[in-house]
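Please read this briefing alongside the sequence and the 3D view. It covers the contact between two chains, then one chain by itself, then a single residue.

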Protein chains: 2
Amino acid sequence: MNKIVQCVPNFSEGRDLEKVERIVSGLKNQEGFNLVSYEPDGDYNRTVVTLLGNPEKIIDALVDFTKVVIDEIDMNVQSGEHPRMGAIDVIPFIPIENVTMDECVVYANTVAKKINEAYNIPIFMYAEAANQKIRVKLPNIRKGEFEGMKTKIKEDKWAPDYGTQEIHPTFGVIGVGARIPLVAYNIDLNTTDIDVAKNIAKAIRNSSGGFTYIQAGPAMLNERGHVQVTMNILDYKKNPIYRIFETVKMEAKRYHVEVTNSELVGLAPKDALKRSIKYYLQVNNIEYNKDMTLDEITKYSIEYLKFRDFDRLKIIESNI
Amino acid sequence: MNKIVQCVPNFSEGRDLEKVERIVSGLKNQEGFNLVSYEPDGDYNRTVVTLLGNPEKIIDALVDFTKVVIDEIDMNVQSGEHPRMGAIDVIPFIPIENVTMDECVVYANTVAKKINEAYNIPIFMYAEAANQKIRVKLPNIRKGEFEGMKTKIKEDKWAPDYGTQEIHPTFGVIGVGARIPLVAYNIDLNTTDIDVAKNIAKAIRNSSGGFTYIQAGPAMLNERGHVQVTMNILDYKKNPIYRIFETVKMEAKRYHVEVTNSELVGLAPKDALKRSIKYYLQVNNIEYNKDMTLDEITKYSIEYLKFRDFDRLKIIESNI
């Protein structure tokens, strides 16, 4: 059985699109994995790359990729709205098929060691790959960013997991980790009243007392002409999509606002969708088939979760 | 405007009912506050007392009450299922009317100082009255209980907020705090399948990824012949009753189980009920009157939250 991981390196260039092309070119048409997408963001000055496939092949490609980034990006002259501590800021590994989280931690350590040895870039291990509790949450490591890391890394507490207590002068440092897949998810409300989205976001998000694995906020979609509750689901097993969708519908009732649609941003694993489809099939007394096809998952997701702009390619496993 | 607080001292006797009567007798028919209830529990060997009224009058009564408890309870021979660190284990103050949380913190410190000075009992301040972060959660302080406190209190870290680092030899120590009202709340399911209650409890409780201020578990009610989701709502402002009730109904649908009723255990403040009534009135397009009477609150709670065994005396403010 083939082992499949998702790997989502983020690098600190999102404005110079020719440079972005040069950086990602070595990831295209490679044997053993797919470059599923790369999304440069000008405001953030950052590009999110999604790779899917064989972990060893991805690891080897990342070592070469790092060399290109060293040549293309100088963090001393880089700025953008997204916090960052390196020219490649993070490299998270995500288990998809026939791979455990523990194996992803091993892959993360393997690529960290290789990159450090090849280019003398210090590496911090985070999330499931963290070696210290304070390093589980990436923002703790990244606090101070590229500029602050020059002195922070010299503190005993912030010695890197790989490498010396000296940042790479133009590249900075990298956070390498392992985690379960995030689901980036938005729910459409047929109103332009941003306060409704704000109140509903507060009801569901962890920081206001809501569900533990939900980060949420309001957003106004000017072109579409309505508001959204926009969120990250950090653990779709403990906070399944349907539970959030139904809770938002329940809260929306008091404002006499309709939940018209919802949407995935980026990809989601089929497991995240199947868990929610199972709820609706049970409610509707329809037998749940755990081996349903990707097309069935697509159909049910549109029917029950009211996904818009959705097709089977948004399911991670469609891209394997 | 009269200041009204609720105060809920817990003492460590729940089996010898004559002793319980002697202990609470000094709290009956006092000027300035009501003894709303006292509920001895044999398994716990503990009695929960609910006082309601003028804070200064309650403080004075608690000092005398402590003297009676010193004479009646020897912790060296006490045992029960509930963890405890003193003959009076805790004294929490809860703001009800015309009183702020900050004032309750002052009342808590006032009674702590008086009791310590009168009887040389060490006092730990907890919850909103805590002086250190680690003391916010009572279980951190109480860990080790009466027996372990003899040595724990001598650690620098566990020096009491009032008194010396030496427990009272027969009484132990007291935790004195200030907090918002807890709502103890149960939701009835018309099934005898305890797994359904277990799964639903997991969906809503903080420890499994649910709402931040919900502690919940399953319970089988043998006499009534059905299961319940039983819970404490630690902050009814951030996790209002209706949101939990509606989420439980939503989860129950997948099991084709009906939510038949719900019930309060002990008292709840009218604010907790009004916040939920407001939701249902908005949903039903009925005008919400913030000055509704206690009888209206009672009627709507039964109608919308399906409270059983409920009357207006279960609203704290009915007992003022």
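**Where the chains meet**

The contact takes 25 residues from chain B and 25 residues from chain A, where contact means heavy atoms within 4.5 Å. This is a predicted model, in which local features need pLDDT of at least 70 and side-chain atom pairs count only at pLDDT 80 or more, while totals for chains, interfaces and linings use all residues. Residues are numbered from 1 along each chain as its sequence is written, chains are lettered from A and ligands numbered from 1 in the order in which they are written, and side-chain values use heavy atoms, with hydrogens and water left out.

**Area of the interface**

- Chain B and chain A bury about 2,100 Å² between them, with 48% of it on carbon and sulfur atoms; buried area is the accessible area (1.4 Å probe) that two parts lose on being put together, summed over both.
- On the chain B side, the residues that lose the most area to chain A are Met250(B), Arg254(B) and Tyr279(B), together 28% of what that side buries.

- Two salt bridges are found across the interface of chain B and chain A; a salt bridge is a side-chain nitrogen of Lys or Arg within 4 Å of a carboxyl oxygen of Asp or Glu.
- Arg243(A) and Glu251(B) join their side chains in a salt bridge, at 2.7 Å from N to O.

**Elements on the chain B side**

- Helix H7 (241-253) and helix H8 (270-283) of chain B are the elements that give two or more residues to the side touching chain A; helices (H or I, at least four residues) and strands (E, at least two) are DSSP runs, numbered from the N terminus.
- H7(B) gives the most to that side, with seven residues.

**Chain A as a whole**

- Chain A has nine helices and 11 strands.
- The C-alpha atoms of chain A fill a box of roughly 55 × 45 × 40 Å, taken along the principal axes.
- Of the 320 residues in chain A, 54% count as buried, meaning under 20% relative accessible area, with exposed being over 50% and partly exposed in between (1.4 Å probe, protein chains only).
- Among contacts in chain A with a separation of 6 or more, 71% come from residues 24 or more positions apart.

**Arg84(A)**

- Arg84(A) sits in the loop between helix H2 (55-72) and strand S5 (88-97) of chain A.
- Arg84(A) counts as buried, because its relative accessibility is 5%.
- Beyond its neighbours within four places in sequence, Arg84(A) is in contact with residues including Arg46(A), Asp89(A), Arg142(A) and Glu145(A).
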